[in-house]
Amino acid sequence: MTSTPTIPPLTGTITVDAPAEQVFGTFTDGFGSWWPAEYHIGQTDMATAILEPRQGGRWYEQGTDGSECDWGRVLAWEPPHRLVVTWQINGQWQYDPDPAHASEIEVRFSADGPEQTTVTLEHRHLERLVDGQALRDGITGGGGWTSLLELLAKAATNPPAS
Amino acid sequence: MDTNGVDGLGLLGDPTRRAIFELLARRPSTVGELAQHLPITRSAVSQHLRVLKDGGLVVSRAEGTRRIYRLNPDGVTALRAYLDRVWAEALTAFGKAAQSIPTDPEQEDP
């Protein structure tokens with residue numbers, strides 16, 4: 001068995017002017033209200049996406065025809081500080097039920113003050129989503145890590161109008 | 001026209017290229033098949049495909065007289081670049097949603 005190369009995790013940070021409880025609630029209970037609807041894997045258009053509020057809960061999309069497609073599972077449920085979910089959507093845009101092929105997303109919510117929360121997201125174990133032997137060439141490919149942070153910084157520092 | 005440094009995220013920053021990328025993620029296609037789904041000419045599709053190929057996100061192979069395009073099967077560059085884009089947009093949308101819920105000042109504890 002050869003060792004599988006690892007892909008550096010994706011990370012992102014955003015600061016929100018709201019208390020941690022509210023921010024955690026928006027991220028989880030309100031997941032379907034903000035997740036961009038174009039990012040989905042079902043055959044039909046996505047009506048909403050649901051993150052079940054408990055450890056072991058499902059994370060899935062619901063199509064406009066009522067059909068459901070799994071995305072992953074809730075691994076850690078620690079409101080309002082921390083959330084870990086699996087992302088089991090592979091390169092063919094399909095759900096892969098094999099836990100060995102599950103990447104992980106950890107989201108941390110830290111209160112900077114009563115009305116400000118910093119959200120830190122890490123999407124890790126990306127190498128589990130693709131075949132190990134297929135990784136050789138990709139690792140050294142051009143990266144977009146810094147671009148993500150730049151975008152987030154721009155969004156986070158963008159002063160609200162008025 | 002935007003010609004400066006296209007790499008990784010930059011490649012998918014263009015909405016048409018992203019649309020092509022997403023169509024190819026769902027199934028390998030020819031230029032003609034892609035053009036049917038997009039409001040642009042086959043020639044424009046070809047130009048975008050060339051950029052995506054040069055950036056390592058897309059590969060092609062000849063099949064008889066047809067040329068089939070698909071995402072780079074090494075998976076990593078394409079998947080990583082795509083997820084990068086997904087999270088950038090998702091977190092931006094999330095930030096707006098989390099902030100837009102009005103907090104009622106009267107609920108504040110004294």
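Chain A holds an open sheet of 7 strands, lined up as β1-β7-β6-β5-β4-β3-β2 and paired in antiparallel fashion. Keep in mind that this is a predicted model. At the edges of the sheet you'll find β1 (10-16) and β2 (46-51) of chain A, each with a single partner strand, so one side of each has no neighbour in the sheet. Going from one strand to the next, the twist averages 20 degrees.

For a closer look at one pairing, take β4 (residues 68-78) and β5 (residues 82-87) of chain A: they run antiparallel and are joined by 4 bridges. Val74(A) has its bridge partner in β5(A), namely Val85(A).

Now over to chain B, where helix α2 (residues 15-26) packs with helix α4 (residues 42-54) at an angle of about 80 degrees, their axes being 10 Å apart. Angles of 65 to 115 degrees count as roughly perpendicular, so that is how α2(B) and α4(B) lie to each other. Here is who makes the contact:

| Helix | Contact residues |
|---|---|
| α2(B) | Thr16(B), Arg17(B), Ile20(B), Phe21(B) |
| α4(B) | Val45(B), His48(B), Leu49(B), Val51(B), Leu52(B) |

Sorted by class, the contact of α2(B) with α4(B) comes to 6 nonpolar, 2 polar and 1 charged residues.

Definitions and conventions
Residues numbered from 1 in each chain as written. Chains lettered and ligands numbered in written order. Predicted model: local features only at pLDDT ≥ 70, side-chain atom pairs only at ≥ 80, totals over all residues. Axes fitted to C-alpha atoms, helices over the stretch in contact; angles between N-to-C directions. Helix = DSSP H or I, 4+ residues; strand = E, 2+ residues; numbered from the N terminus. Parallel < 35°, antiparallel > 145°, perpendicular 65-115°, else oblique. Contact = placed C-beta atoms within 7 Å. Nonpolar A, V, L, I, M, F, W, Y, C, P; charged D, E, K, R; others polar. Pairing = 2+ DSSP bridges.
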